[in-house]
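Dear colleague,

Please find below the structure that I am handing over to you. My notes on what was found in it follow directly after.

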There are 2 protein chains.
Amino acid sequence: MTLKSFIDVHPDSHFSLQNLPYGVFKPGKEQKARIGVAIGEYVLDLSAIAGAGLFNEPLLKDSECFFQNSLNMFLALGRPAWKEARATIQRLLSADEPTLRDNASLRERSLFSMDQVELLLPAAIGDYTDFFSSMHHAKNCGTIFRGPENPIPVNWFHLPIAYHGRASSILLSGTDIIRPRGQSFPVGNSPPYFGPSLKLDFELEMAAIVGPGNELGKPVDIDKAEDLIFGLVLMNDWSARDIQAWEYQPLGPFLGKSFGTTISPWIVTLEALEPFACDAPKQEPHPLPYLTEKKSKNYDIALEVQIKPTGHKEGSVVTKSNFKYLYWTLPQQLVHHTSNGCNLRPGDLLGTGTISGPDRESLGCLLELTWNGQKPLSLQNGAVRKFLEDEDEVIISGCCQGNGYKVGFGTCTGRILPALL
Amino acid sequence: MTLKSFIDVHPDSHFSLQNLPYGVFKPGKEQKARIGVAIGEYVLDLSAIAGAGLFNEPLLKDSECFFQNSLNMFLALGRPAWKEARATIQRLLSADEPTLRDNASLRERSLFSMDQVELLLPAAIGDYTDFFSSMHHAKNCGTIFRGPENPIPVNWFHLPIAYHGRASSILLSGTDIIRPRGQSFPVGNSPPYFGPSLKLDFELEMAAIVGPGNELGKPVDIDKAEDLIFGLVLMNDWSARDIQAWEYQPLGPFLGKSFGTTISPWIVTLEALEPFACDAPKQEPHPLPYLTEKKSKNYDIALEVQIKPTGHKEGSVVTKSNFKYLYWTLPQQLVHHTSNGCNLRPGDLLGTGTISGPDRESLGCLLELTWNGQKPLSLQNGAVRKFLEDEDEVIISGCCQGNGYKVGFGTCTGRILPALL
């Protein structure tokens, strides 16, 4: 059976009836934020659907979760409620179902043209963690910073390495990024440089949105971890490589990252991604028992990054990567995170780390693509980049290709503004 | 003039009329959380005072800030409002002022015996950052982990190094800590160890609570930084040294810390600490201009850590340190944090890092005190410790000694429970 909606969805649209990603939006500037799902060129307002009494199955019928201004309450409900919501929404939007299709007043109240609404961050993010789960990225960074002998740290193959990121500066796609100032390595006997970063980079990542979370002191079992993950977004973990290189010993990245992290507005659920599941890479050495999955899976999500300099009509594709290149899986990341008893809360964000593939064309950041600025990258129209320049826009997109439909993430974009004086 | 309250405050009490630290409490289990200040053995309920119309000065008279269940709204108001509140509360509690003293009904409604109330976290903490600002601690850790040649990283004297911590596992004093499980270094060709941490440690720290914060992209000027800091709490940054040592390269501390961080319930304001200001250590090399203060100051806060094994009637003092040993000052920490444009929000927590002094008796954690377990520490009653054992209670206290009164922080305590099976 091919699922078809009464709403016209172009086969190239990321937001098919098979997708139904969740977000938060305002229909107009003065109106309250509310929860919606994307369908083709429209947003379906779930507060209107809930207000009409159409979430009438047991788990959601008395819930206030769709009358909130963030997804956190819905995230806390867990997978059975998410499945119920998906089934209801998919049915209401299908071509054969008259309830919404034939109710002009309800359509008027609940469907908004996507280009008319203002999108907001989909969840209140309490804590943001960033992993380091692509082996190719770890190898390339290690080679650049520490040399070609043993570029991957010895612990890397035993645990999904991660650091805590900054939650306050997580931004919605489309927000401009001010080039950060900061310290970097002194030259000779001079004091350290302080000024605008000279090595501003993007990082192609995805990030999981945590569902119900876990209590402090209660590690999550590997077999139950997938049920704590609601879905995925695209993420650009903007990085100032010069600030990072000078500050990161011994306590890790700090100001080289915390000036801004951009995520895409629509959370694509694991249910929608399930048809695109694929085997994860073989792990050698075998992970410790607490990280051993019955079946280790990734998702086949094609990822692309474009850089669009000011004045260019189109962006230049600089990398084509894929979520499937990740070595450590989402459940392994989550289980490791809680293995010491650390509590995750609904809405927490777990970044994958830069997703680099095995080839020159699939590297996930300029640090790797230009080998720390040594091999400048040619864009269209004669532009050349070592790192990002002011007014450059970076556009990340991600999509799964189904049979006659797509399950996509839209884009995650940001433009560089000059540093403050 | 000696300030005196109509409430009997013992000269050894940490909570004199000169102190007036802020916290959040419930008078009874079923009652709503509210904001209070500590005075002697009592808590003054500011919602009752505000409800009686006694905050009648311009900045606070129409404010809802004392009808909240956290201090965040009051923190956002900034120093002029904090000064106004302090003046009002100090006046209302003074011996000469009849308004509260002679109003039995209002006293009944607003004053609660401290041992009858339940204390809560004083603020909703969005982000928690931990600095590394004691030179003695940096030197000792560097020597233990990397050897005696150049133990302090070259960047350390140029910038207040820090990392992002985990906000979800910040706990109130008195909360038990479950010994974390985790990975640590493999021995020989074995896989890494996985099990209960064998090197569980405390870290003696203090932490600043951020007031109004700053907008993303707007670094804070060094001359204005102090006005963004509301006050200080005691902090125990529990650390699993074995987990930390194995995981921390290259991205810094993660699971070795995120199982719990304990803070004391009462925020002592910078106004109350001002009489105890003292010169900060001379900084050589001279810091870069953005970190250069007109006058660089610390506070003379005597700090003490006791370990109390199960069955012991009293704790054994294991260290006596002082806030004044910090090399990087609070304004420098805050300014550096925002120098890349990173936004701080009201209630954010900025830990100082372990506060070790120059002497053997002033070291701020067991890693240093026992030199990574090589020199066990003798407690009372014949107990000996390399690291913390199950059922040990760690009690941090901090206090400034005035002329006939104290401005103190009370205690920050936590007891170790055995790891989960």
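What distance separates the centres of domain 1 of chain A and domain 2 of chain A, taken over C-alpha atoms? The two centres are 30 Å apart. Domain 1 covers residues 22–120 of chain A and domain 2 covers 128–417, the bounds coming from an automatic or database domain assignment.

Two remarks on conventions come before the details. This is a predicted model, in which local features need pLDDT of at least 70 and side-chain atom pairs count only at pLDDT 80 or more, while totals for chains, interfaces and linings use all residues. Residues are numbered from 1 along each chain as its sequence is written, chains are lettered from A and ligands numbered from 1 in the order in which they are written, and side-chain values use heavy atoms, with hydrogens and water left out.

**Between the domains of chain A**

Contact (heavy atoms within 4.5 Å) involves 19 residues of domain 1 and 18 residues of domain 2 in chain A. About 1,500 Å² is buried between these two domains, with 67% of it on carbon and sulfur atoms; buried area is the accessible area, for a 1.4 Å probe, that two parts lose on being put together, summed over both. On the side of domain 1 of chain A, Tyr22(A), Leu75(A) and Arg79(A) lose the most area to domain 2, together 41% of what that side buries.

The two domains of chain A are also joined by 3 salt bridges, a salt bridge being a side-chain nitrogen of Lys or Arg within 4 Å of a carboxyl oxygen of Asp or Glu. Arg79(A) forms a salt bridge with Asp227(A), and their closest N and O atoms are 2.8 Å apart.

Which elements give two or more residues to the side of domain 1 of chain A that touches domain 2? They are β1 (22–26), β2 (34–39), α2 (72–77), α3 (79–93) and β5 (118–120) of chain A. Helices (H or I, at least four residues) and strands (E, at least two) are DSSP runs, numbered from the N terminus.

**Between chains A and B**

In the interface of the two chains, 55 residues of chain A are in contact with 55 residues of chain B. The area buried between chain A and chain B is about 5,400 Å², and carbon and sulfur atoms give 62% of it. His164(A), Leu251(A) and Phe254(A) supply 15% of the area that chain A buries against chain B, more than any other three residues.

Chain A and chain B share 4 salt bridges. Arg166(A) forms a salt bridge with Asp127(B), with the closest N and O atoms 3.5 Å apart. The count of residue pairs in polar contact between chain A and chain B, both at pLDDT 80 or more, is 29. On the side of chain A that touches chain B, two or more residues each come from β7 (162–164), β10 (181–184), α7 (241–247) and α9 (330–338) of chain A. The largest share of that side, 3 residues, belongs to β7(A).

**Pairs within the chains**

Over all chains, a search of the whole structure finds 48 salt bridges. Lys295(A) forms a salt bridge with Asp279(A), the closest N and O atoms being 3.3 Å apart. Lys295(A) lies in the loop between β18 (277–279) and β19 (297–299) of chain A and Asp279(A) in strand β18, so the pair ties together parts 16 residues apart in sequence.

The search also finds 36 aromatic pairs over all chains. Rings of Phe, Tyr and Trp (its six-membered ring) pair if their centres lie within 6.5 Å, and planes under 30 degrees apart count as stacked, over 60 as edge-to-face and the rest as tilted. The ring centres of Phe25(B) and Phe112(B) are 5.7 Å apart and the planes are at 55 degrees, so this pair is tilted.

**Backbone features**

The peptide bond from Glu284(A) to Pro285(A) is cis, with omega near 10 degrees. In chain B, a cis peptide bond joins Glu284(B) and Pro285(B), with omega about 5 degrees.

With kind regards

Note on methods:
Polar contact = N/O pair within 3.5 Å; in protein donor to acceptor, adjacent residues only side chain to side chain.
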